[in-house]
Amino acid sequence: MKILRATRMDRCIGCYSCSLACARQVHKKFSWLAAGIRIRSSGGITTGFEAQLCLACDPAPCAATCPTGAYSQRKGGGVIVKTKLCIRCGQCAAACPVDAIYLDETNRPHVCIHCGQCVEFCPHDCLELREKPKHVHQGGAGDA
Amino acid sequence: MPDPSFRVCIIHLDRAKGEIVAFGDKNTHIGGSGLAAALFEKYGLPDEPWSHPDQPLIFALGCLTGYFPLMSKVVAGFKSPYHDQYAESHAGGRLPLAMRFTGYDAIVLRGRAPGPVAVHVGSRIIETKDANYLWGANALTTGRVIRRVFPGASGHRSILRIGPAGETLSAYACINVDTFRHFGRLGSGSVMGVKNVKALVVSGDGNMDLPGSSTKKYAKLFRKVYKDMTATEMMSKYHDLGTPVNVAPLNALKSLPIRNLLQTTDPEAQGISGERFGNDLLIRNAACAGCPVGCIHVGMLRERFQDEHRFQIRQVAYDYELIFALGAMVGIMDASNALALMDEVEKQGLDAMSTGVALAWATEAYQKGMLSKEQVEYDLAFGNVQAYKEAIWCLGHAKNEFYRDLARGTLHAARKYGGEDFACVLGQEMAGYATGETFFASQSLSFRHSHLDTGAYGYDQKKHDKNPDKVVAYLVKDERERVLLTSLVSCLFARGVYTKELLAECLACVDLPDLAKNMDAAAEEMQRLRWRMRLATGYVPEKTKVPKRFLEVETWAGKMDPAYLDAVRAAYIKAIYELGAARKNETE
């Protein structure tokens, strides 16, 4: 299965269209935080932008730590989310090594599900949905 | 139906407390320009000076801000230190979305903090922190320090700050927004300064439900607007070379103000053309949050600071207006040198246009012997980049009596030192369009004395018959269309995409069907309200002047026609008084 990668962030202009699209279309929120992809400056706008998103771990520590099975391992990396099972314990966010999971004010987690709906909203083609490179072994970051 | 009132956060600086109020009606005030004027009507003190502690500094969103692409501006409303009358200034950056996600439609600063402070507003926080150690710091340093003082929320907040010019209460100190954007004109920076607010941090840390009753409909309409903004030719100008693309055509039309408007065309202007900037200095683009166009053009300023090969580099945003003011107007015809002046203006927290035009006047006055070396301190001469860099520092810091006077406005200085005839002031320092009588009349009289108030400079560039009534009818109508956009609040660059039909669709989609049907009447009412506030705070349009230098301009269309200019101004003045007349039920 394909995964979302923010491979060309040097081109990012900080328009937040990706975050807004994810919140709007996937999480049904009007937000630039309650989204699977979040944009931050790396220390002021002159230093450019970084994307915070799920790097598609396999095995995924968030899925391993989830006490209810709301997060389960997704084939190809990342997690499958069943919101109804979530008890909002926040363990997934704590387990994530790259701070990719956003907890809103009700402790509801928001994570990238690698659906790629944000990709078409990036005006500079910073994002892409692609297979994890074959030479990356299971457990690798996949962005070699 | 959602609550039609606006949620306003008033910060009482004297006691460091916030007050949340429901104010006005979206169907009437729309937001942005309209909301700011309505808030000024309620909280402003028309008869007190701009520096009175209780004068409000208003930041207002519109009812579409953030909900659709390029609805990405905030309107500031305040009593201006430039003319001590009601004024507006607009900015983008991350502020519109950050404010939207605080849950407030407007933030109003009132009172005066006992000492320098930084104010922080978020969806669940209102705080002020001592910032005495930042007083005197330039706008860029202030941004860096504030990021450390308020850690977290990186990328999801906006930092407004002032430089030294706002502290020395310059009439044209700006508010820097997120490094690259500004509330530029008419001195809002000094309104912050007089309130002892060095910085305002707005954290967009809240999440909201999608607007409107149908999430599907909203997502579909958003997609359509997004495609229009990115896939069509309409926005390519802003996406490509940006506004600097205007340098070459205006130079060809003999409409580029050069060397204090002694010239309107010069082959040397190719050194500061949009193409030159784009090919030699442009390193990246940036966007206001919520805008996929990304019109912010950032150039690299590379300066050698030691004989050995040691360089410092800085990123400096440039635009047409800055190139005109800190390039052509002061005879700097080298793109990198113009960028160096923009960088200095940025640090001082000055309005770029007013600074360039003020220094152009000072240069000519110095050359003519009206100013002494002791007063200007540096050898101001067209093209002398080092002298201008020093002069900009002096202006920001109000270093001596002369620079203090110049910081109060070019005409203010000219009245004292002489040279009113060649002070390029049209209500405030001119914008970069020596296009002809329509623009000169418009900027000298219009609401913000801004090139963005009306499409006057475009009008001049097309063939037109000299019919003052027809021109003024156009100016008034065009202003109304712009008031609608700046109330929603849209970026004016999107005016080609946001047709009335599309705006109606957007308004209906966010559950404002009444406003969708009634937007023209609401916009007209807000246009009138703005003028009422301007007149109530002392505007006498007849007192504005078009200095002689403008009448000496020769454009592609020929020499200026003073009688026609006077006729357009007379008709516009009449229209302004009609627009600003008290409402009938107020006079009865």
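Trainee: How many residues of domain 1 of chain B are in contact with domain 3 of chain B?
Mentor: In this predicted model, contact is counted when C-beta atoms placed from the backbone lie within 7 Å. On the domain 3 side of chain B, 26 residues take part, and the number from domain 1 of chain B is 36.

Trainee: Which element gives the most to the side of domain 1 of chain B that touches domain 3 of chain B?
Mentor: Helix H1 (26–29), helix H2 (32–43), strand S4 (74–79) and strand S5 (86–91) of chain B each supply at least two residues there. With seven residues, the element that gives the most is H2(B).

Trainee: How far apart do the C-alpha centres of domain 1 and domain 3 of chain B lie?
Mentor: The domains concerned span 6–203 for domain 1 and 429–587 for domain 3, with domain 2 at 236–418. Between the C-alpha centres of domains 1 and 3 of chain B, the distance is 25 Å.

Trainee: How many residues of chain B are in contact with chain A?
Mentor: Chain A brings 24 residues to this contact, with helix H1 (17–25), strand S2 (29–30) and strand S3 (37–41) of chain A each supplying at least two. By class, this side of chain A has eleven nonpolar, eight polar and five charged residues. The number from chain B is 31.

Trainee: Which residue is the bridge partner of A:Lys29 in S13(B)?
Mentor: S2(A) pairs with strand S13 (residues 208–209) of chain B in the antiparallel sense, over two bridges. In S13(B), the partner of A:Lys29 is B:Asp209.

How values were computed: Residues numbered from 1 in each chain as written. Chains lettered and ligands numbered in written order. Predicted model: local features only at pLDDT ≥ 70, side-chain atom pairs only at ≥ 80, totals over all residues. Contact = placed C-beta atoms within 7 Å. Helix = DSSP H or I, 4+ residues; strand = E, 2+ residues; numbered from the N terminus. Nonpolar A, V, L, I, M, F, W, Y, C, P; charged D, E, K, R; others polar. Pairing = 2+ DSSP bridges. Domains from an automatic or database assignment.
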